Amino acid sequence: MGSLKVTLCAGAALATALCAPAAYAYAADGGGVSVSPSSPAPGTDVTLRVPDCTEKTAVAVSAAFESDVRLSLAAGDGVLVGSSQVRTSVRAGAYAVQVKCGEQARKGTITVHDERRPSTHASPVAPVDAGGGGTAELAASGTGDGARVDPPGTAHTVTGLVLAGIAAVAVALRSVRSRSRGTD
């Protein structure tokens, strides 16, 4: 039983080590620059990550970005991180990303997708705007035709109590009838 636990723990550790980098889409040419999300639309905010850089800061440059991206150490893990926005006027396609990391230049690509043709996702990524059917307009305006602005008053309360009393009497009479016949 002990070897089974060791095997499972080793398998979980290996899966974690192999799957953690998959959370970010690495550049197509393997240059070590990752972009998240991997295929943004124009106007989308993106995060860049550059691991194993010898410097504490760097600048990423791409024609797809609104401006140069300042990268800095996020934590003690030696990964430079920075954020930018994809230009709203950029066309769909692949754009080069360049980062000078000390003496070493890192290159990667960012693929901008056409916002008119959404990319498919394996699962929903945002709430669905389902609306409220025929009542959505009434709920939104608060003063639509037939919409009540005031809460129920005394008349509604009394009507509800009378109906509840009638229902209670009907149940009681039915119980008495069934007992008198000898059936339950």
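Reader: What should I know about the model before we start?

Author: This is a predicted model, in which local features need pLDDT of at least 70 and side-chain atom pairs count only at pLDDT 80 or more, while totals for chains, interfaces and linings use all residues. Residues are numbered from 1 along each chain as its sequence is written, and side-chain values use heavy atoms, with hydrogens and water left out.

Reader: How many helices and strands are there in the protein?

Author: The protein has 3 helices and 8 strands. Helices (H or I, at least four residues) and strands (E, at least two) are DSSP runs, numbered from the N terminus. Their order from the N terminus on is α-β-β-β-β-β-β-β-β-α-α.

Reader: Which strands does E3 pair with?

Author: Strand E3 (45-50) pairs with E2 in the antiparallel sense over 3 bridges, and with E6 in the antiparallel sense over 6 bridges. Two strands pair if DSSP finds at least two bridges between them. As examples, Ser34 stands opposite Arg49 in E3, and Val50 has Leu80 in E6 as its bridge partner.

Reader: Which residues of E3 are on the covered face, and which on the uncovered one?

Author: Val46, Leu48 and Val50 make up the covered face of E3, and Asp45, Thr47 and Arg49 the uncovered one. In a regular strand the side chains alternate between the two faces of the sheet.

Reader: And which strands does E4 run antiparallel to?

Author: Strand E4 (residues 57-61) is joined to strand E5 (residues 69-73) by 4 bridges, and the two run antiparallel.

Reader: What does E5 pair with over 2 bridges?

Author: That is strand E6 (residues 80-85), and the sense is antiparallel. Leu73 stands opposite Leu80 in E6.

Reader: How many bridges are there between E7 and E8?

Author: E7 and strand E8 (residues 104-112) pair in the antiparallel sense over 9 bridges. Gln98 faces Lys107 in E8. The hairpin of E7 and E8 has 2 residues between the strands, and Gly102 takes a positive phi near 70° there.

Reader: Which residue other than glycine has a positive phi near 55°?

Author: That residue is Asp52. Asp52 lies in the loop between E3 and E4 and is exposed, with a relative accessible area of 62%. Buried means under 20% relative accessible area, exposed over 50%, and partly exposed in between (1.4 Å probe, protein chains only).

Reader: Where is the place of Pro37, and what kind of peptide bond joins Ser36 to it?

Author: Pro37 is in the loop between strand E2 (34-36) and strand E3 (45-50). The bond that joins Ser36 and Pro37 is a cis peptide bond, with omega about 0°.

Reader: Changing topic: is Val86 buried or exposed?

Author: Val86 is buried, because its relative accessible area is 0%. Val86 lies in the loop between E6 and E7. Leaving aside neighbours within four places in sequence, Val86 is in contact (heavy atoms within 4.5 Å) with residues including Pro40, Val46, Ala64, Ile110 and Val112. The C-alpha atoms of Val86 and Asp45 are separated by 6.4 Å, although the two are 41 residues apart along the chain.

Reader: What about Ser84, buried or exposed?

Author: Ser84, in strand E6, is buried, with a relative accessible area of 10%. Not counting residues up to four places away in sequence, Ser84 touches Thr44, Asp45, Val46, Phe65, Glu66, Ser67 and Val69.

Reader: How much of the protein counts as buried?

Author: Of its 184 residues, 20% count as buried.

Reader: And how many buried residues does H3 have?

Author: The count is 0 among its 28 residues, and H3 is hardly covered. Ile166 is found in helix H3 (residues 154-181) and is exposed, with a relative accessible area of 54%.

Reader: How far apart are the end C-alpha atoms of H3?

Author: They are 41 Å apart, which agrees with the 40 Å that its 28 residues should span at 1.5 Å a residue. The expected span of a helix is 1.5 Å times one less than its number of residues.
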